[in-house]
Amino acid sequence: MSAGPGRASAEPWGSFDEPVVQGGFGAQGGGGSAVIDMENMDDTSGSSFEDMGEMHQRMKEEEEVAAEAADADDQDGDFLGMKGFKGQLGRQVADEVWQVGKRQASRAFNLYANIDILRPYFDVEPAQVDGRLIESMIPGRMINFPQKIAGELYGPLMLVFTLVAILLHGMKTSGTVIREGTLMGTAIGTCFGYWLGVSSLIYFLAYLLNAQITLLQTLSLLGYGLFGHCAVLLVSYNVHVHLLFYTLWLLLGGLSTLRMVSALLSRTVGATPRLLLCATASALHMLFLLYLHFAYHKMVEGLLDSLEGSNLAAMQRVARDVEQVRINSTAALAM
């Protein structure tokens, strides 16, 4: 009877008799013996320690490699020192200079490639050009106030090209021979050289003497002043009379020069600056006309003299007595 209560109280603990591992232990018979399945057990229980060792060795090797690389960099830096820094700085400066120069060159190319920039200097009506040609032969009366000077280049440029054509005509009619170069190149160089060179000289003097005139106005004033030169040379190259040339030189050349002088006087203050600037401009302008006339007129003059007969007597055939010539020859041989 005592066994009944004991068994009844021991029933909740009966779970210890169940297998601990499912499928790992099996009940055999009534004795409750267990069999361990060794196939399901991990036989690499010691490999985890080996893997940890390998990982530690690998990390140590990587640290050593990184330390060696850092030491090499430090040694390179110590070896190069300031030299490496200067080289890098020099490359940066050179690159910056190249970029700045490239931008400026591109800007300048775009500036001069744009034809609209030159349009205001050539935007003029033909009637205005005709009026300015006439005004270039009329000296201004008012010198107490600055006279108006046209700020355009169409009329002056056309006058320079006209002077080139007239000078080329004079070279061809006079038989001028250019050993180095061509007649066209010589004519263009002479006319454009005078226009640009003398204009620059006058502007430089005006700048030194505080004259109120710009380079564009100087080019326009001197360019329209060539209208008298064109008229004088056109007549003198076709009518070879010295008296006519000197008359036109004083009349037309003098009027165009007085127009220039009056414009310069009205824009210059002081007696000495006025005298210096106006004397230089007038002398260069009048002497240039004389140069264009006489530099290519000597051969024409010589040709005219030969055609008029001044040297014709020396080239004429003279009738000679054949007998007298023979006697003279015999006497010369006998002596």
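Helices (H or I, at least four residues) and strands (E, at least two) are DSSP runs, numbered from the N terminus. The model described here is predicted: local features need pLDDT of at least 70, side-chain atom pairs count only at pLDDT 80 or more, and totals for chains, interfaces and linings use all residues. Residues are numbered from 1 along each chain as its sequence is written, and side-chain values use heavy atoms, with hydrogens and water left out.

**Helix packing**

Two packed helices are described by the angle between their axes and the distance between the axes. Here axes are lines fitted to C-alpha atoms, for helices over the stretch in contact, and angles run from 0 to 180 degrees between N-to-C directions.

| Helix pair | Angle between axes | Axis distance |
|---|---|---|
| α6 (residues 154-174) and α8 | about 30° | 8 Å |
| α8 and α10 (residues 271-294) | about 30° | 10 Å |
| α7 (residues 183-208) and α10 | roughly 170° | within 10 Å |

Angles under 35 degrees count as roughly parallel, over 145 as roughly antiparallel, 65 to 115 as roughly perpendicular and the rest as oblique. Helices α6 and α8, at about 30°, are therefore roughly parallel to each other. Their crossing is left-handed, a term for a near helix turned anticlockwise from the far one by less than a right angle, with right-handed used if it is turned clockwise. Contact means heavy atoms within 4.5 Å. On the α6 side the residues that meet α8 are Gly155, Pro156, Leu159, Val160, Thr162, Leu163 and Ile166, and their partners in α8 include Leu219, Gly223, Phe227, Cys230 and Leu234. By class, this contact of α6 with α8 has 12 nonpolar, four polar and no charged residues. In this classification Ala, Val, Leu, Ile, Met, Phe, Trp, Tyr, Cys and Pro count as nonpolar, Asp, Glu, Lys and Arg as charged, and the others, Gly among them, as polar.

Helix α8 also packs against α10, at an angle of about 30°. That makes α8 roughly parallel to α10, and α8 passes α10 in a right-handed crossing. Leu222, Gly225, Leu226, His229, Val232, Leu233 and Ser236 of α8 meet His285, Phe288, Leu289, Leu292 and His293 of α10. The contact of α8 with α10 has seven nonpolar, five polar and no charged residues.

Helices α7 and α10 cross at roughly 170° and are therefore roughly antiparallel to each other. In α7 the contact involves Thr190, Tyr194, Val198, Leu201, Ile202, Leu205 and Ala206, while α10 contributes residues including Leu277, Ala281, Leu284 and Tyr291. The residues of the contact of α7 with α10 divide into 12 nonpolar, three polar and no charged.

**Cavity and pocket**

On a 1 Å grid over the protein atoms alone, a cavity is a set of points where a 1.4 Å probe fits but cannot get out, and a pocket is an open set with protein on both sides within 12 Å along at least five of seven lines; lining residues have an atom within 4 Å of a point. Grid points are joined across faces, edges and corners, and a volume is the space filled by probe spheres set on the points.

One cavity of 30 Å³ or more is found in the whole structure. The largest cavity, of about 30 Å³, is lined by Ile202, Thr218, Leu221, Leu222, Met260 and Leu264. Two or more lining residues come from each of α8 (215-236) and α9 (242-266), and α8 gives the most, with three. The lining of this cavity has five nonpolar, one polar and no charged residues.

The largest pocket holds about 220 Å³ of space. Of its 13 lining residues, Arg132, Glu135, Lys148, Ala150 and Arg259 lie nearest its centre. At least two lining residues come from each of α5 (126-135), α8 and α9, and α8 gives the most, with four. The lining of the largest pocket divides into five nonpolar, four polar and four charged residues.
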